[in-house]
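The structure is shown first.

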Amino acid sequence: MTLNVGVIGTGMIGQDHIRRLTQVLSGVAVTGVTDIDAARATAAAPKGATVFATPAELIRSDKVDAVVICSWGPAHEEQLLDCIAAGKPVFCEKPLVTSAEAALRVIDAEVAFGRRLVQVGFMRRFDADYRRLKAVLDGGTLGAPLIYKSVHRNASVPAGLYTSDMPLNDTLVHDADISRWLLDDEIAAVEVRLPRRSRQGGELRDPHLVMLHMAGGAIVDVEISVNIAYGYDIRGEASCEKGIAALPNRPATVVTDAHGIRQAIPEDWRERFIEAYDQEFREWIVAAGAGTATGPSTWDGYAATLVGDAALRAVASGAREPIAMRDKPALYAAPVRKAA
Ligand code: NAP
């Protein structure tokens, strides 16, 4: 059976997901698109797809079984609530929403519906390297994880569009989510330290050193450098009681020439996580076809929103900022790692 998908937002990642849904994956068709810019939606629409005037019309349409939201963050809440009201599975790019209150409204709606419908685009959880790292930690042979080091480096970010708050309320969400997932724990508090400013980004506050205090006592240190010039470099290493486990350097062709021996570094997130995005959608298509969702949930989107908020408070206060979460609804109960 083919899953008929409607895509809301046909910007950069919307177009990339349409390519993946139409040219890479099977069992799925893009039958509808919409964008605030109708010409962009028309240009991005695959052959035979309907261009809808509004997200609400796309969501309600009989031509659409499930929805992919790739609009900008502030539009997500209304679109998610409409999908839940229509009982349609929805894949939502991060951020889930842009405030904790909005996240709770989406949680309340999904809990009232009674079944998971929302999957959030935290693609790292589908990356083979991260999955192997998690399998080692879950296996327990290294004992409890004590420290996790997460490195998030971008070659550059668009000047003027990417603001000084975005390392903390946009970029950090990926490191926060993957840390919660790898360590199977919630983030209880956040600290931020600012080294001297990189001259690469002009007035942009960069880099950031973020400390995530996990509820169970482990500490995650996150380096976010968004103008590091040399490439997109994502690293992770867990120090445990009896050893360490780390992501490998991303396998790449080794070039040997008169300048030496070197390996290329991914240019950006599309190249580094291309297989992860494919796998994320493979698993979503199966779940959405069964009328539900898998992987990162509304609860995970809520947690990431709280971390972003706390990080912004922490950079302003210089203090350790606590995070208070609502009790987790049973709908989002996740398997807990076996004790080591
Ligand atoms: P983008 O290129 O600006 O695309 C967003 C598109 O949605 C634009 O065409 C925008 O139109 C349109 N849009 C805005 N509001 C809308 C609405 N209410 N209804 C329908 N369409 C609307 O941004 P992007 O880079 O693709 O990012 C889109 C989302 O994906 C963001 O939430 C971003 O954080 C997320 N993202 C995730 C990853 C990841 O690693 N998982 C990577 C990149 C982006 P206008 O330009 O006219 O506003």
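## Surface and burial

The accessible surface of the protein chain is about 15,400 Å², of which carbon and sulfur atoms supply 54%; areas come from the Shrake-Rupley method with a 1.4 Å probe. Of the 340 residues, 51% count as buried, meaning under 20% relative accessible area (1.4 Å probe, protein chains only).

## Basis of the model

The model is predicted: local features need pLDDT of at least 70 and side-chain atom pairs count only at pLDDT 80 or more, whereas totals for chains, interfaces and linings use all residues. Residues are numbered from 1 along each chain as its sequence is written, and side-chain values use heavy atoms, with hydrogens and water left out.

## Overall dimensions

The C-alpha trace spans about 55 × 55 × 40 Å along its principal axes. The radius of gyration is 20 Å, which agrees with the value near 20 Å for a compact globule of 340 residues; this radius is taken over C-alpha atoms, and the globule rule is 2.2 Å times the number of residues to the power 0.38.

## Domains

An automatic or database assignment divides the protein chain into domain 1 (3–123 + 275–298) and domain 2 (124–269 + 301–332). Their C-alpha centres lie 26 Å apart. The contact between them (heavy atoms within 4.5 Å) takes 32 residues from domain 1 and 21 residues from domain 2.

## Secondary structure

The protein chain has ten helices and 15 strands, which are DSSP runs numbered from the N terminus (helices: H or I, at least four residues; strands: E, at least two).

Methods: Buried < 20%, exposed > 50% of the residue type's maximum accessible area, 1.4 Å probe, protein only.
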